[in-house]
Amino acid sequence: MTTIISITILGVLVLFLGAMKKQSWLLPAILAGLVISMALTIMDWNSFQSYSHLMIIVDNVAVAFSMVLIFSTFLIFSLAAHYYRGVQRPLDDIYGVMLFALVGAVMMTSYGNLIMLFLGIETLSIALYVLAGSHKEAITSNEATLKYFLLGSFLSGFLLFGIALIYGSSGSFDLQKISVFVASCAGNYPPMFLAGLFLLIIGLAFKIAIVPFHFWAPDVYEGTPTLLTAFMATVVKTAAIVAMYRFFTHTFCGIHGVWETTIWILAAFTILLGNLTGVYQPNLKRMLAYSSISHSGYMLLAVVAFSPMSDNALLFYTLSYSVATITAFGILILIREAHGNDFFSSMNGLAKTNPLEAFCLTIALFSLTGIPPLAGFMAKYYLFTAAIEKGLVWLVIIAIAGSAISVVYYFKPVIAMYLKNPDGKKLTVEMPYKAHLLFMALMIILIGILPFLVIGLL
Amino acid sequence: MLTLLLIILPLAIALFLLTLKAGKAIRYVALAGTLIEFGLSVAAFIQYQTTCHCNLLFSAEWLVSLGISLKFGMDGITLLMVMLTTFLLPVIILASFNHSYNRPAAFYSLILFMEMALIGVFTAFDGLMFYIFWEMTLIPAYFICAVWGGNDRIRITFKFFIYTFVGSLFMLVALIYLYFKTPAPHSFDFQWLYLATLTPAEQTWIFLAFFLAFAIKIPIFPLHTWQPDTYTGSPPAGTMLLAGIMLKMGIYGMIRWMIPICHQSVQQWAPAAMILAITGIVYASLIAIRQNDLKRLVAYSSIAHVGLIAAGVFALNVHAMQGAVIQMVTHGINVVGLFIIIDFLQVRTKTRNITDLGGIASKAPRLAIFFMIILLGSIALPLTNGFIGEFLLLLGLFEYSKIFSAFAGLTIIFSAVYMLWMYQRTMLGKTNELTEKIQDLTWPEMAALIPLVIIIFWIGLFPGLFLDVALPDVMQILSFKP
C-alpha cells in the first residue's frame, strides 16, 4: 500500500514540478522518488498486510514483483535523459503518466479483489493509450495509440464481462470468497462461471500479448516512442502476467484441471508462433516485439506449472527478461537516433565503431536466447525445472524448440554488428548512458553467475 | 583447489588481455599464460599419481535448493583430457604467430576463454555445471570462427552454432528430467545422476537426447554436415581448437555421462550407433580421397577417425574404451599437427589446393619430415601414437563383433590411401613456381611442432603411463553394466 501511495505522490509531484516550470528537476526527483518507494516496498517484506477489506493484499509475492516493476521503471527513466535531450516541449506529463501507469501495474500485483484488478488494469491501460500517442507529430505514434485504444478498450470489455459473470455465479468479487465458492462446487461448475473464467483469461491474454491475442503488439510497439515501448515490453508485461498468475494460483488452484489445458495450448502457440514470426521481421524493434511475445509464452509455463517453485521461477524470469529487454531497447534508441531507422543493416560493424554498445546488446540478446552463464539461461532453466517437476515435458520440449528458433533472429543483430563492415557512422553516446548500459549488461552476467541472490526469495 | 585454479587462471588471463593495448606483447602474454596453465596441469598429474585424489576435488555450494553445486574434480580420463587441452593450447598459440590477426587482444582473449570453458567441461562433476560450460565453449568458438574466418563465414558459422545449440538444448531437458529421477533430495552431482532410477522408456529418451547432443559435436554421420565447412572456413587457430579439443567433448560426454546414466539403452542401441559411426568412417574416408583442398581433406579424415572412436565407445569393453580414451589424446595431437602443417603451407604458398603444390620435400626438408611423422601418426603406423589407439579400438570392436571390426578396419587402409596420396602430391614430385622458392620451417615454427612429435613417439613407444592413468576409471565406468 505504501508503494502505491508513494508512487502516486511522486506522480503528482512531477506534475507539480512541471507546473512550476522546473523541467531540469524532473528526472532527479523521479529517480530519487523511485528509490524511496523501492525502500518503502522492501519494508513490507514478510509483513503480509491487507488493506481496505482485502482489496489490496501485500504479501511477499506482491512485494517482490512490485520491486521488479519499480526497478524496471527506474532503469527506463535512466534512459530518458538521453532519449528526450533534444525535446523542447515540457515532459512532466509524459513522466507523470508513466508513473501513474506504474501505480496501475503495482495494483495488478497486489490485488485481492477482482474490482481492484480491473481498476489496476484500467489505470495502466489508459495511461498507456496516452503514452503510445505521446509523439504527436509522428503518424506512426497516432496509429499505434488508436490501434491500442480500440482493441484495448474492446478487450477490457471482455475482462469486465468475465468479472461480472464470475460475480454472478459466485456472488463475490473477493478472491478468497471466490475460491471458497470454487471449493464448494466440487467439480460441478456453473457454465456461467466457466464462461466468466475464460473471458477473464482472454482479457488478460490481450494485455500480456499472448497468441492469438497478440496482433496489436508489433504495430503498437513499432509506432510507440521507443522509450515507452521498453516500458510496455517490460513493466506492462510483468504486471499482466503476475496478475494472471496471482489470479490462478490464489483462486483457482483447486480447479487446476479446468484451465490447465487452455493455458498449455496458449503457451505452446505463443512460444512457437512468436518465435517463428520473429524470424521474419525486418528490423530490430519489431523483432523485439516478437521476442517479447514469445517470452510471454515462456512465462505462461510458470502459470501452468504452478508449484512452490514457479513463484521464484517467474520472479527470476521477469527480472532477467526485463533487464535484458531494457538493455536492448537502450541500444535500439541509439541506433534509431543515428540512422533514423532500425533495420539490421543499420547495425553493420557496430562492434568496430562502438564496441561497448555492441557488447551490451550482445549480452542482452544472448541472455534472451538463454545462453549460459547469463541470467536468461538460469531463468529458463528454472522455469523448465518447475515445469518438468509437474510432468510438463512436452511443453518444455516445445519451449526448447522455440529457444532454438529464436537463435535465428537474436543472432541477426549480432552477425550485423560483428561480422559486417561499418558504414562510417559512429553512435555518439554520453558517458552516463554508456555507464548505464554497462551496468545493465554486468547485471545480466552477475545474476546469471550468482542466481541465489534472487532465486529462493519467495 | 588445483582444479579450480585451472579453470580460473585462463579466465583471469583472458580478462587481463582485454585491458592490453594492441601489440606483439599480447601473443606472448597469451603464450605465457597457457604455459603456466600447462605447468599447473602437470602438477595435477603428478599429484594424481602420488597423493590422494581428493586434493583435486573442489566442491562448493551454488544453488542448494536446486541441488546444483560447484563441483569440479579429476579422475584419470578427465586428467588426460585436461592435459591434452593445456598441452595443445600453447602449441596452437605458438603456431598462430605467423599470422597477424586484427584485434589480437580479443582474439587471444577468446582463445583463453575457450580454454577455461573446455577445462570446465572436462572437470565438471555436476551435471548442470557440465551443461553450462558445454554451452560456454560455443560462444568463443563461434566468435573466433566467425570474426576471423574466411569467405562465407557468416553462413557457415551460423549453421555450426544452430546445430550444436539445438543438440545441447535437448541434453538440458534430459538433465533436468534426470534430476527429478535421482533419489530425494535431488542433486545434479554425477554420482547421484548415476543412481537415477529410470524405466526403459525413459532411459531410451534420455539416451537419445544425450546421443543427439554428443553425436553432433563429435560429429557422427549423418550429423556431420556442419563440420567440413566450419573447419575449412575457420581461422587456423579456430580449426585446431575445434578439431583438436572441442570434438573430444562429445566423446568425453558419452563416456562420462551417457554410458553410466543410461547403460541399458546404450547396450540396446549400441549396434545402431555403431552402424552410424562405421558408415561415417567409410563415407568420410571415400570423400576424403577425392578432396583437393588440404583442410577439407583433413576435416573429412577427422570424421573418419572420430567415427572409429565413437564406435569403440559403444563396444563397451575395456580394450575399446581404453583405445577410445588414448585415441582422443592421439587424435587431438595428430589433427592439430596436420592443421599446423597445412597452415604453414598456406602461409608460404597462399593456397591449400593439392594440385597447385608439389615437390616441396626437396626445397623444405624439415617441413616434409615433420609432415611425414605427424602423417604417419595419423595413419596409425606402429611405433607412433595412432597405432596404440587404433589397435586397441579395433581389438575391442573385434571382441564385440567381427563384422563391425572388419568394416571399421577399413579406416586403416583408407587413411593410408588419402594421407599418403596427399603427401605424395604435395611433398614429392616436381616443383612448380609456387613451391620453387618455398622457405623451410623457422625455429619458432619448429617449436610448435617438436612437442607434438615428442608426444607422438612417446605414446607410440611407451603408452603405459597414459593407459594406466585411465584404466581404473574405464573399469569403473564399464562396471555399471548389469
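Among contacts in chain A between residues at least 6 apart in sequence, what percentage join residues at least 24 apart? The figure is 80%. Keep in mind that this model is predicted.

**Stop 1: chain A as a whole.** Select chain A and color by secondary structure. You will find 18 helices and two strands. Now color by burial. Of the 458 residues in chain A, 59% count as buried.

**Stop 2: where chain A touches chain B.** Show both chains. Here 22 residues of chain A are in contact with 22 residues of chain B. On the chain A side, select 375-389, which is α16, and 393-419, which is α17; these are the elements that give two or more residues to this side. The largest share, eleven residues, comes from α17(A). Color this side by class: 18 residues are nonpolar, three are polar and one is charged.

**Stop 3: a helix pair in chain B.** Select residues 76-95 of chain B, helix α3, and residues 318-349 of chain B, helix α14. Their axes lie 10 Å apart, at an angle of about 5°. An angle under 35 degrees counts as roughly parallel, so α3(B) is roughly parallel to α14(B). Next, show side chains. On α3(B), the contact residues include Leu80(B), Leu84(B) and Leu88(B). Facing them on α14(B), the contact residues include Val329(B), Gly332(B) and Asp343(B). By class, the residues of this contact divide into 13 nonpolar, one polar and one charged.

Key. Residues numbered from 1 in each chain as written. Chains lettered and ligands numbered in written order. Predicted model: local features only at pLDDT ≥ 70, side-chain atom pairs only at ≥ 80, totals over all residues. Helix = DSSP H or I, 4+ residues; strand = E, 2+ residues; numbered from the N terminus. Buried ≥ 20, exposed ≤ 12 C-beta atoms within 10 Å, placed from the backbone. Contact = placed C-beta atoms within 7 Å. Nonpolar A, V, L, I, M, F, W, Y, C, P; charged D, E, K, R; others polar. Axes fitted to C-alpha atoms, helices over the stretch in contact; angles between N-to-C directions. Parallel < 35°, antiparallel > 145°, perpendicular 65-115°, else oblique.
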